[in-house]
Amino acid sequence: MKFFADYSNLVLIAIALISGGLLAWPVLSRRGRGVSIVEATQLINRRHALILDVRTDEEFGGGHLPQARHVPLEELEKKAGQVAKNKTTPVLLVCRSGQRSAKAQTILRQLGYAEAFSLQGGVEAWQQAGLPIVK
C-alpha cells in the first residue's frame, strides 16, 4: 500500500498510462476510418484489390471505378459469399460519399473478410482527384 501512497509513484503510473494510450491511439483510430485515394490506388495496383461498389443500380450506371463489381448494400449479406473466393483478398468498398461503404466494411469484416477497406469520400473524392470513371 505504501507504493500507491507515494505521489511520485502515482505520477509515474499516470505517465506510463498516458504514453501507452498515445502509442495505441493511431492503431485504434484507424479501425473505423477508410483508406485515402492514394492508399486505395496502392491497394488496387500493388495488391490487386477487388473493387466492390455498394451504390444503387442508378448510381452505378452513372459511372463507377474501372473493374468495379456492383453489389448494392442491401444485397451484400446475401451475396457476400460471391464477393471473393478467398477471404484474405483485399476488398475496396466504394459508394458515393463513403457512408455506405463504411457500413459494408463492417458487414464484410463480421463475415470474415480481414482486409475490407472503405474509400474515404467515395466516388466523389475519386472524381475530384481526377481519376478515371467508367460509364
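In what order do the elements of the protein chain run from the N terminus on? Reading along this predicted model, you will find α-α-α-β-α-β-α-β-α-β-α. That comes to 7 helices and 4 strands. With a radius of gyration of 20 Å, well over the 14 Å that the globule rule gives for 135 residues, the protein chain is more spread out than a compact globule.

Next, let us look at contacts and surface. Among contacts between residues at least 6 apart in sequence, 63% join residues at least 24 apart. Of the 135 residues, 35% count as buried. The accessible surface comes to about 8,600 Å², and carbon and sulfur atoms account for 59% of this area. As for charge, the protein chain carries 17 positive and 11 negative side chains, with 6 Å between the centres of the two sets.

Now zoom in on one residue, Asp53. You can find Asp53 in strand S1, which covers residues 50-53. Is Asp53 buried or exposed? Its relative accessibility is 0%, so Asp53 counts as buried, the cut-off for that label being under 20%. What surrounds this side chain is worth a look too. The side chains of Asp53 and Arg55 are joined by a polar contact of 2.8 Å. Leaving aside residues up to four places away in sequence, Asp53 touches Phe60, His64, Ala68, Arg69, His70, Val71, Pro72 and Val94.

Notes
Residues numbered from 1 in each chain as written. Predicted model: local features only at pLDDT ≥ 70, side-chain atom pairs only at ≥ 80, totals over all residues. Heavy atoms only, no water. Helix = DSSP H or I, 4+ residues; strand = E, 2+ residues; numbered from the N terminus. Rg over C-alpha atoms; globule rule 2.2 N^0.38 Å. Buried < 20%, exposed > 50% of the residue type's maximum accessible area, 1.4 Å probe, protein only. Contact = heavy atoms within 4.5 Å. Areas by Shrake-Rupley, 256 points an atom, 1.4 Å probe, with all protein chains shown as cover. Lys, Arg positive; Asp, Glu negative; His and termini not counted. Charge placed at Lys NZ, Arg CZ, Asp CG, Glu CD. Polar contact = N/O pair within 3.5 Å; in protein donor to acceptor, adjacent residues only side chain to side chain.
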